[in-house]
Amino acid sequence: MTLNYVDLGLYGEDTWRPRPNISLSLGLRFESQNYINDHADFAPRLGLAWGIGHGSTPKSVLRAGIGIFYVRFQEQQIEQAERLNGVNQHQYIVTRPDFFPNVPSPSELALVNTSLPTAYKIGPDLRAPYTIQSAIGLERQVTKKITASATYINSHGVHQLLTNNINAPLPGTYTSCSPDQATGCGPLTGTFPDGQAAGYIYQYEAVGLFNENQLVTNFNVRVGAKISAFGFYTLSYASANTAGVGFSPMNPYDIRADYGPASLIARNQAFIGGSFLLPKGFRASPYVMLSSGRPFNMILGQDVYGTGIFNVRPAVAPSGAPFSSNTQYGNFYLYGTATQQAIPPYEFFGPSQESVNIRLAKTFGFGKKPDSPRQGGGGGMFYGESHGHGQGGGLGGRGLSGGGGPGMFGGGAEGSKYSLEFSINARNVFNHINLGPPVANLGSPLFGQSNSVSRFSGYRRIDLMVRFSF
C-alpha cells in the first residue's frame, strides 16, 4: 500500500499602527490537503492592542481579537481507511466468541455466526475541522514591579471529527441481548442500510461541535534581577459531542445525545512559579501546578445499538432494582436497551491533580558575546503560527494576556558567547500520587477505581541535566 499525503500551509501577517498606542494586526493563513473533499481553507485573523492612558508607556493595554484555526485530517486515519477498506485487509468483530484460544483463520471467521466484517472509510463530504476563537483582555501595570491581566476567551468548534458506524441497524430493528436472553438477539438481528453482508462500516465524519468559555488571569512580579514570581488561573466551561476522531457516538442516528462536558478540559487550573537568585550564582525555581478533575464517561461495556462499539451509558435505576448496581455515583442498571434514558455523557469527574516542583541550576559562561542589535517585538495579537484552543495565554504567540515573563526558570549567562548549565529538576517533591481517570466500565470489578497514575505528574521524579549553549 502506498500513501501520498500532501499538506500545504501558507501564512501572511501585517501590522498597522494608526496611532503610537494602537496596533492592528491582520493575518491570513491558507491550508490545503488531499484525501478529503475540502481543498481550500482560508483562516483570517484580526487583532487589536490599545494602550490606554497618557505617556509613551501606558499602564493599561486592551487586547482583543478573533481568528479561525483549522485542524488537519491526519495520516493515521487515512492509512486506516486505505488498509481496512474491505479489500486490502480484512477485519472481523466477533461477539460472544466461544473458540478461544483456538482463533479461526480469516476464511473461517467469515462463517462464524456472530461475526461481521469491518471496514473504514473517509466521508465523501468530510472537511477540515476549525475553531472560531475570539477573546478580549486587559493587561494592567499595577505597580512598578507587578503586572496583572484578565482575559475572556470563547472557542467555538464546528465540523469536529468523529467516527460513526453508517451501516448500523436502523432504529427499532436491532435487538440487544439482556442478561436473561441468549437467543434471538445480537449482531445478526436488525435491518442494515447497506445490507448485513457489508458488516460494520466506520466512517470518519466532520459533524461534531465544541464550545468553550475561558477566563484566564495572569500575574507577574519582578523584584530586581534576583526575584521574580508569576502564575495564572484558568476557569473553563466546555461542551462537545465528540472527544476527537477516535470517538464514536452512543447512538449512530442521534449524535446530539452525546453533547455534554468536553472530556479533555479541567474546570479549574492554576500555576504559580518563581525564580530566586541564590549565592554563588545558583538559581532556584519552585513552581506549583494544580488542576481539578477531568470528566469521564461512564459506560456499560455493551453493544445496545448494534454498532460493534461498547460505549452505551447506563440508565438510573431505582434503589434495589434487579440487575442494578449501587455505586458512589448512584444506582444504575447493569444492562441497557435502546428505550432507556441513558445518563448524560461525561457526567462525573475524576481525581484532582497537584504537584509541587523545584529546579536548581548553576550556569557558567565563557567567551565574550559579540554585540548584536536587539530584537523588537510587535504589539498585535497573532504571532507566528500558534493555533489551537484552550491555551493559557490566549490566542497565538504571546497571546492576549501577555504571558508570564521572559523565561520560566530565569536567565543564564546572557553576556557570554558560550554557557554551560548544570541543573536538578525535582517534580512532585512531596510524592503526592496523582491518580489517573477511574475505570468507567460499570461492569468491571474495578469500576470507580483509578488503576494508573496521571500524566500530570503521577509520582516523584528527579532529573539531572547538563545543557551547553553557543
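I began with a strand pair and found F282 standing opposite K362 in β18. I was working on a predicted model, where local features need pLDDT of at least 70, side-chain atom pairs count only at pLDDT 80 or more, and totals for chains, interfaces and linings use all residues. Residues are numbered from 1 along each chain as its sequence is written, and side-chain values use heavy atoms, with hydrogens and water left out.

**Strands**

I looked up the partners of β18 (residues 353-368) next. Strand β13 (residues 282-291) runs antiparallel to β18, and 10 bridges join them. On β19 (residues 416-427) I again found antiparallel pairing with β18, over 10 bridges. There R359 has N425 in β19 as its bridge partner. For my own record, two strands pair if DSSP finds at least two bridges between them. I also noted that in a regular strand the side chains alternate between the two faces of the sheet.

**Whole chain**

I counted 2 helices and 20 strands in the protein chain; these are DSSP runs numbered from the N terminus, helices being H or I of at least four residues and strands E of at least two. Of the 470 residues, 41% are buried (under 20% relative accessible area; exposed is over 50% and partly exposed is in between, with a 1.4 Å probe and protein chains only). Among contacts (heavy atoms within 4.5 Å) with a separation of 6 or more, 70% are between residues 24 or more positions apart.

Most residues other than glycine have a negative phi, so I checked for exceptions. I found Y35, with a positive phi of about 75°, in the loop between β2 (22-33) and β3 (41-52). Y35 counts as partly exposed because its relative accessibility is 28%. I also found F323, with a positive phi of about 55°, in the loop between β14 (295-296) and β15 (324-327). F323 has 45% relative accessibility and therefore counts as partly exposed too.
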